Amino acid sequence: MEIRRDVFQAIADPTRRAILSLVAIQSMTPGAIAENFNSSRQTISKHIQILSECELLNQTQNGREIYYHLNPIKMKEIDNFIEPFRKMWDDRFNKLEAIMKNYKK
Amino acid sequence: MENKTKIHAEDNRLDLLITREFDLPVELLFKAYVEPEIVAQWMGTKVIKLESKKHGSWEFETSDPNGNVVFKANGVIHDFIPNEKIVRTFEMENINFAPQLEFLEFESITDETSKLTMQIIYKSIEHRAAQLKLPFAFGLNMAHNRLQEIVTQLK
């Protein structure tokens, strides 16, 4: 089964939010990121994978090392927290419009 | 369809504006705010009480599929002019938010189209921010629930 990932899902987890705030300061290797947590490297690498799939993290290869850094464009989607509020009203009004069209002669 | 509903929320203000144009005559748009059965349909809530008149009051209640009440809100109507405006308060129960004041203006654009402008005024800037973030927070919960569902299916 394919799981569609979105940014909201990515930041729903406290460890992933912590990873984002780490790489926001500087690019880091997976090892350096993992050192900041008590969880196993494997667990952290899974979180990194999810963040990458959501395009919140970009990676660059530097010799043998992979460095992760924050994708600011994607972060902006999160910043725009007003969008779900707008969407909620838009959905309601679409429904209102559809219902009231039935009353038109 | 492009974004028909617009939210205008300037920084450091206590209010926000929601505007929307409808392919409906203003009479039908207004009717959608007055008839309890119709309000129930598009708001997705149970209308316990809706006295559409000056100094009337209203009460909504939403339950989950198991019948547990998940949302309760109420308020009073301060002004009511058919096809023109409704001024009312809105307060959620069992949640620590102050009531908000809502000005709803209904305008006719053509015989077949109309516009709604809703100005909501909050007690504080923090209160406004919290309200704006509610659906966002709910989205986060949904993501959580979806994850949980997926995990349960895998078991």
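Which residues of α1(B) are buried? In this predicted model, the buried residues of that helix are B:Val26, B:Leu28, B:Leu29, B:Phe30 and B:Ala32. The cover over these buried residues includes α6 of chain A, together with β2 (15-22), α2 (36-43), β7 (100-108) and β8 (114-121) of chain B.

## Make-up of the two chains

Chain A contains 6 helices and 2 strands, and its elements, read along the sequence, follow the pattern α-α-α-α-β-β-α-α. Of its 105 residues, 20% count as buried. Among the contacts in chain A with a separation of 6 or more, 55% are accounted for by residues 24 or more positions apart.

Chain B contains 3 helices and 8 strands, which run from the N terminus in the order β-β-α-α-β-β-β-β-β-β-α. Buried residues make up 15% of the 155 residues in chain B, and residues 24 or more positions apart account for 33% of its contacts with a separation of 6 or more.

## A helix contact between the chains

Two packed helices are described by the angle between their axes and the distance between the axes. For helix α6 (residues 82-101) of chain A and helix α1 (residues 26-34) of chain B, the axes come within 10 Å and cross at roughly 110 degrees. The crossing in which α6(A) passes α1(B) is right-handed.

On the side of chain A, the residues that meet α1(B) are A:Leu96, A:Ile99 and A:Met100 of α6(A), and their counterparts in α1(B) are B:Leu28, B:Leu29, B:Lys31 and B:Ala32. By class, the residues of this contact divide into 6 nonpolar, no polar and 1 charged. B:Leu28, B:Leu29 and B:Ala32 are also listed among the buried residues of α1(B).

## Packing of α2 and α4 within chain A

Within chain A, the axes of α2(A) and α4(A) come within 10 Å and cross at roughly 75 degrees, and these two helices are therefore roughly perpendicular to each other. The contact involves A:Thr15, A:Arg16, A:Ile19 and A:Leu20 of α2(A), which face A:His47, A:Ile48, A:Ile50 and A:Leu51 of α4(A) in this pairing. Sorted by class, the contact has 5 nonpolar, 2 polar and 1 charged residues.

In soluble globular proteins, nonpolar side chains tend to be buried together. In this model, the largest nonpolar core has 13 residues, and those with the most contacts inside it are A:Ile19, A:Val23, A:Ile33, A:Ile48, A:Leu51, A:Leu57 and A:Tyr68. The elements that give two or more residues to this core are α2 (14-25), α3 (30-34), α4 (41-53) and β2 (65-70) of chain A; α4(A) gives the most, with 3 residues. A:Ile19, A:Ile48 and A:Leu51 of this core also take part in the contact between α2(A) and α4(A).

If residues up to four places away in sequence are left out, A:Val23 touches A:Met28, A:Leu57, A:Tyr68, A:His69 and A:Leu70. A second, separate core of 12 residues includes A:Phe93, B:Val26, B:Phe30 and B:Phe106. Of these, B:Val26 and B:Phe30 are also among the buried residues of α1(B).

B:Asn83, whose phi is about 65 degrees, lies in the loop between β5 (69-81) and β6 (85-92) of chain B; with 16 C-beta neighbours inside 10 Å, B:Asn83 counts as partly exposed.

B:Ala129 has its place in helix α3 (residues 125-154) of chain B and, with 13 C-beta neighbours inside 10 Å, counts as partly exposed. The C-alpha atom of B:Ala129 is separated by 9.8 Å from that of B:Asp11, although the two residues are 118 residues apart along the chain.

Terms used:
Residues numbered from 1 in each chain as written. Chains lettered and ligands numbered in written order. Predicted model: local features only at pLDDT ≥ 70, side-chain atom pairs only at ≥ 80, totals over all residues. Axes fitted to C-alpha atoms, helices over the stretch in contact; angles between N-to-C directions. Helix = DSSP H or I, 4+ residues; strand = E, 2+ residues; numbered from the N terminus. Left-handed = near helix turned anticlockwise from the far one by under 90°. Contact = placed C-beta atoms within 7 Å. Nonpolar A, V, L, I, M, F, W, Y, C, P; charged D, E, K, R; others polar. Core = buried A, V, L, I, M, F, W, Y, C linked by C-beta atoms within 7 Å. Parallel < 35°, antiparallel > 145°, perpendicular 65-115°, else oblique.
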